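Here are a few notes to read alongside the structure, for anyone opening it for the first time. Have the viewer ready and take the points in order.

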Amino acid sequence: MSEGSFYSNRVAVITGGGRGFGKAFGTALAAAGAHAVLVDIDGAVAEAAAAEIRAKGGQATGLGGDVTDEARMGEIMKQAAAIGGGIDILINNAGLHSDEYGQPIFKMGLAKVRRLFDVNVMGVVTCTIAAAAHMRGRAGASIVNIASSAGHMGGSAYGDTKLAVSGLTITFARELGPDGVRVNAISPGLMLTETIAAELPPETKARVKAMQMIGDDGKEEHIVDAMMFLTSPQAKFITGEVLRVTGGMAAGV
């Protein structure tokens, strides 16, 4: 089965889909034939990204919503399911990861830490529960969560949220397995997107690269390739796994 025929007429929901990895995931899935539903807390950004995909000949819809809003996520999943009779792919990509949320817990304070866990952890739970009813029994249905190498390293609240995402991946794989839904996660290392490359101090980049076994820079396309593999028939016997895409940085941790 060719990649195009497998993804044709499938519905893929991508949270945090208006920019960054989420936009790249939606673009790749739409190029393969899926209808990409881009969900972002900024609805205008989601629709702009969807419009770009449509301009290239792909199918895409942009919707605004906060992944912690149970009612709104329920509505979005129903809208997505109406497009093709169900949901085939869910990419739980939305998350807080800026420098603001990478500070020590005692510096961030309780309100920010709670928001960090609400989005990064409970957002995954909320969206998975909302989508599951529309995914059960769909041949080839799968969920991909976006974790982080920070979850393997320890020492930050952000990393702790991503460690929780890895744990949830196993739990949901077990609970949804009988319904034919596979659940996996991708754990990216340092990916030098345009934004990160511009903001990252040279010494930090050098320190991380020294920890890698592969000397090349991590790029957005590496994570997109991993997502396309995990959602494809080639991964049909893979579930409950966390795929580390780190250039070897997190190996053995």
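1. Start with Ile14, which stands opposite Leu38 in S2. This is a predicted model, by the way. The two residues belong to a parallel pairing: strand S1 (residues 11–15) and S2 are joined over five bridges. To get from S1 to S2 the chain passes through helix H2 (residues 20–31), and this β-α-β crossover is right-handed.

2. Now look along S2 itself. In a regular strand, side chains alternate between the two faces of the sheet. Here His35, Val37 and Val39 point one way, while Ala36, Leu38 and Asp40 point the other way, and all are buried. With six of the six residues of S2 (residues 35–40) buried, the strand is therefore largely enclosed by the rest of the structure.

3. S2 has another partner to check. It pairs with strand S3 (residues 59–64), again in the parallel sense, over six bridges. Val39 has Leu63 as its bridge partner in S3.

4. Are its faces covered or open?

5. S5 has parallel partners of its own. Strand S4 (residues 89–92) is joined to S5 by four bridges, with Ile89 opposite Ser142. Five bridges join S5 to strand S6 (residues 182–188), also running parallel, and there Ile146 has Ile186 as its bridge partner.

6. On to the nonpolar packing. In soluble globular proteins, nonpolar side chains tend to be buried together. The largest nonpolar core in this model has 41 residues, and Val13, Met77, Ile87 and Met135 are those with the most contacts inside it. S1, S2, helix H4 (70–84), helix H6 (110–132) and helix H8 (157–176) each supply at least two residues of this core. H6 gives the largest share, 10 residues.

7. Leaving aside residues up to four places away in sequence, Met135 touches Ile87, Asp88, Ile89, Leu90, Ala141, Ser142, Ile143 and Val181. There is also a second, separate core of 31 residues, which includes Leu29, Met228, Leu230 and Val245.

8. How many aromatic pairs are there? The count comes to two. One is Phe6 with Tyr7, an edge-to-face pair at 4.9 Å centre to centre, with 85° between the planes. Phe6 counts as buried because its relative accessibility is 8%, and Tyr7 is buried with a relative accessible area of 1%. Phe6 has a charged neighbour as well: the charged end of Arg10 sits over its ring, 4.0 Å from the centre.

9. The other pair is Phe21 with Phe25, and it is stacked: 6.1 Å centre to centre and 20° between the planes. Both residues lie in helix H2, four residues apart, about one turn of the helix. Phe25 is buried at a relative accessible area of 0%. Phe21 has 18%, and it still counts as buried because the cut-off is under 20%.

How values were computed. Residues numbered from 1 in each chain as written. Predicted model: local features only at pLDDT ≥ 70, side-chain atom pairs only at ≥ 80, totals over all residues. Heavy atoms only, no water. Buried < 20%, exposed > 50% of the residue type's maximum accessible area, 1.4 Å probe, protein only. Pairing = 2+ DSSP bridges. Right-handed = clockwise from strand over helix to strand, strands pointing away. Phe/Tyr/Trp six-rings, centres within 6.5 Å; stacked < 30°, edge-to-face > 60°. Lys NZ or Arg CZ within 6 Å of the ring centre and 35° of its normal. Core = buried A, V, L, I, M, F, W, Y, C linked by side-chain atoms within 4.5 Å. Contact = heavy atoms within 4.5 Å.
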